[in-house]
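Colleague: I am new to this structure and would like to know what stands behind the labels. Could you show it and take my questions in turn?

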Amino acid sequence: MKKALLLSLFVLVFIGCSNDYPTYSIPPKKTFVKEEKKEPTLTSKAISKDDHRYDERYRNFNYNRLGYSNNQGGYYGYYDRDGYFYNNQYYNYNDRYRYEDRYNRRGLFDREREYNRGYIDNQWNRNHRNRGYITQPIPARVYHPREGVIEYGDISYQNSPENIKNRIDNRGY
């Protein structure tokens, strides 16, 4: 009985595998993927030709990971053991502004600290002084409620000019 059952099973498998049923291949669908607009990053924003990021010495610096802005809106760019950039002005380290603090984002380089260092008249700043960074005020950062500060001055985040502009830009009206 077992032999008959095994023989019939073998015959069924043999018949199933040896038939000439056509095999169809499904052609690939022609699809279109809309290319998304990229969010501007620190390195992809429109950068003026006299910005330090155009200089060959600073090109390989990872600005997205190592560059950052403090809570007042000032941007800390490239840094090494000799000096650093703050809002496209070059500064050397001294006793107060130290490399270790810039590397670890602490002390006078902390996000919460306001940057109050005076202008240093060195070769790089002299060559790029025409951008007017000395007289330009640093825009005040409007805090989001998730960051713990709900109001900036008399303006709430919801009614701040920055947020209203973002809402208008995103809605299109």
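**Salt bridges, strands and core**

Modeller: The side chains of D55 and R57 form a salt bridge, with 3.2 Å from N to O. This is a predicted model, in which local features need pLDDT of at least 70 and side-chain atom pairs count only at pLDDT 80 or more, while totals for chains, interfaces and linings use all residues. Residues are numbered from 1 along each chain as its sequence is written, and side-chain values use heavy atoms, with hydrogens and water left out.

Colleague: Why is the contact of D55 and R57 called a salt bridge?

Modeller: The term requires a side-chain nitrogen of Lys or Arg within 4 Å of a carboxyl oxygen of Asp or Glu. D55 and R57 have N and O at 3.2 Å, so the pair qualifies.

Colleague: What makes R57 exposed or buried?

Modeller: Buried means under 20% relative accessible area, exposed over 50%, and partly exposed in between (1.4 Å probe, protein chains only). R57 has 56%, so it counts as exposed. D55 has 24%, and is therefore partly exposed.

Colleague: How do you know that E56 forms a salt bridge with R59?

Modeller: Their closest N and O atoms are 3.1 Å apart, which is within the 4 Å limit. E56 is exposed at 59%, whereas R59 is partly exposed at 45%.

Colleague: Why is D101 called buried?

Modeller: D101 has a relative accessibility of 8%, so it falls under the 20% limit. D101 also forms a salt bridge with R98, the closest N and O atoms being 3.5 Å apart. Salt bridges that share partners join R98, D101 and R106 into one network. The structure holds five salt bridges.

Colleague: What makes a nonpolar core, and which residues have the most contacts inside the largest one?

Modeller: A nonpolar core is a set of buried Ala, Val, Leu, Ile, Met, Phe, Trp, Tyr and Cys residues joined through side-chain atoms within 4.5 Å. The largest has 20 residues, and Y84, F109 and Y115 have the most contacts inside it. β2 (75–79), β3 and β4 each supply at least two residues of this core, and β2 gives the most, with four.
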